[in-house]
Amino acid sequence: MTPPSDKAVAALTAHARKRAADARRRIQRALRAKNVPININAVAAKAGVSRKTIYNNPDLCDAIRAYSRAVPAAEPATGAETSIVTALRHQLTVKDSEIADLKAQLRRRDDTIARLHGVLHDQHIDPGPAPHA
């Protein structure tokens, strides 16, 4: 196989530089994006490059890390609930009510069993083993 000509090497080098510059531009644009988490995975996905591309550019990697330390993660506003949270709170309230009803039923059954054991004891009848709770 013959080695590539100087012209072919120059063309490949120019193409590689152009692709690298394009990747840097996309990474920098992804860093400026709003409402996007800033970490290497998210920036790589937003820029359409591999994480290795970012790791191969230490200055970009350092910028991402510095930005992610400087900008705290956005927290939901206090007092503002999403519809999902509201629905889950409602479900919890319903379940708590059901649990309270079931506990009341168990107390009534325990009282009935105790009363019946008392009647059997008064009549001198062996009630057998106690039911398992």
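Guide: In this predicted model, the axes of α1 and α4 come within 11 Å and cross at roughly 5 degrees. An angle under 35 degrees counts as roughly parallel, and α1 is therefore roughly parallel to α4. On the α1 side the contact is made by Arg-24, Ile-27, Gln-28 and Leu-31, and on the α4 side by Asp-59, Leu-60 and Ile-64. Sorted by class, the residues of this contact of α1 with α4 comprise four nonpolar, one polar and two charged.

Arg-24 belongs to helix α1 and, because its relative accessibility is 25%, counts as partly exposed; the limit for a buried residue is under 20%. Once its neighbours within four places in sequence are set aside, Arg-24 is in contact with Asn-57, Asp-59 and Leu-60. Asp-59 and Leu-60 are also among the α4 residues that form the contact with α1. Between Arg-24 and Val-49 the C-alpha to C-alpha distance is 9.4 Å, with a separation of 25 residues in sequence.

The helix itself may be considered next. α1 has 26 residues, and from its first C-alpha to its last it reaches 37 Å, close to the 38 Å expected at 1.5 Å a residue. Its buried residues are Ala-23, Ile-27, Ala-30 and Leu-31. In an α-helix there are 3.6 residues a turn, so residues three or four places apart point the same way. The buried residues of α1 pack against α2, α3 (51-55) and α4 (58-70).

Helix α1 (residues 6-31) and helix α2 (residues 40-47) have axes that come within 8 Å and cross at roughly 120 degrees. That angle makes α1 oblique to α2, and the crossing in which α1 passes α2 is right-handed. Here Arg-26, Ile-27, Ala-30 and Leu-31 of α1 meet Val-43, Lys-46 and Ala-47 of α2. By class, this contact of α1 with α2 holds five nonpolar, no polar and two charged residues.

The surrounding chain supplies the context. The protein chain contains five helices and zero strands, and from the N terminus on its elements run α-α-α-α-α. Of its 133 residues, 13% count as buried. Among contacts between residues at least 6 apart in sequence, 33% join residues at least 24 apart.

Another helix of the chain, α5 (residues 83-122), has 40 residues. From first C-alpha to last, α5 reaches 59 Å, close to the 58 Å expected at 1.5 Å a residue. Just after α5, His-124 adopts a positive phi of about 60 degrees.

Key
Residues are numbered from 1 along each chain as its sequence is written. This is a predicted model: local features need pLDDT of at least 70, side-chain atom pairs count only at pLDDT 80 or more; totals for chains, interfaces and linings use all residues. Side-chain values use heavy atoms; hydrogens and water are left out. Axes are lines fitted to C-alpha atoms, for helices over the stretch in contact, and angles run from 0 to 180 degrees between N-to-C directions. Helices (H or I, at least four residues) and strands (E, at least two) are DSSP runs, numbered from the N terminus. Angles under 35 degrees count as roughly parallel, over 145 as roughly antiparallel, 65 to 115 as roughly perpendicular and the rest as oblique. A crossing is left-handed if the near helix is turned anticlockwise from the far one by less than a right angle, and right-handed if clockwise. Contact means heavy atoms within 4.5 Å. Ala, Val, Leu, Ile, Met, Phe, Trp, Tyr, Cys and Pro count as nonpolar, Asp, Glu, Lys and Arg as charged, and the others, Gly among them, as polar. The expected span of a helix is 1.5 Å times one less than its number of residues. Buried means under 20% relative accessible area, exposed over 50%, partly exposed in between (1.4 Å probe, protein chains only).
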